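The following paragraphs lead from the overall fold of a single chain to the surroundings of one residue. Please keep the structure in view while reading.

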Amino acid sequence: IFDYIFWTFAPDIQAFRHLKSVICIDSTFVKGSYWKTLLVTIDFDTNNSMFPLAFALVDEENNRSWSWFMRLLRIYMCGDVQNICVISNCHYGIINAMHTLKE
């Protein structure tokens with residue numbers, strides 16, 4: 001049993017260095033036996049095709065889960081890349097996570 005799980009793949013991490021510095025983040029609900037929330041990050045390649053970057057399963061979309069996800073995204077995906085534009089639906093958890101990352 002787990003609370004949160006985050007995953008990405010090595011080719012995605014390597015490709016991120018060559019993609020546009022614009023990422024889109026959002027969530028969707030997983031129904032059925034698990035009742036979790038899936039957090040998703042995508043980017044776009046030079047042909048404007050969607051490129052999946054990272055995923056996480058969390059209990060719900062809140063400050064804690066978005067802060068956790070954004071921190072891991074910064075550590076494992078973004079690394080030393082600066083000035084990344086983040087497009088989202090402005091969920092309060094995402095906004096709070098972005099403010100926390102600035103500090």
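A residue is called buried under 20% relative accessible area, exposed over 50% and partly exposed in between, with a 1.4 Å probe and protein chains only. By this criterion, buried residues account for 38% of the 103 residues in the chain. The model is predicted, so local features need pLDDT of at least 70 and side-chain atom pairs count only at pLDDT 80 or more, while totals for chains, interfaces and linings use all residues. Residues are numbered from 1 along each chain as its sequence is written, and side-chain values use heavy atoms, leaving out hydrogens and water.

The chain contains three helices and five strands, taken as DSSP runs (H or I, at least four residues, for helices; E, at least two, for strands) numbered from the N terminus. Along the sequence their order is β-α-β-β-β-α-β-α. The C-alpha trace spans about 40 × 30 × 25 Å along its principal axes. Among contacts (heavy atoms within 4.5 Å) between residues at least 6 apart in sequence, 62% join residues at least 24 apart.

Within this fold, S27 belongs to strand 2 (residues 22-30). S27 is buried because its relative accessible area is 17%. Leaving aside residues up to four places away in sequence, S27 touches T37, L38, L39, E61 and W66. With E61, the side chain of S27 also forms a polar contact of 2.9 Å. Such a contact is a pair of N or O atoms within 3.5 Å; within protein, one must be able to donate a hydrogen and the other to accept it, and residues adjacent in sequence count only if both atoms are side-chain atoms.
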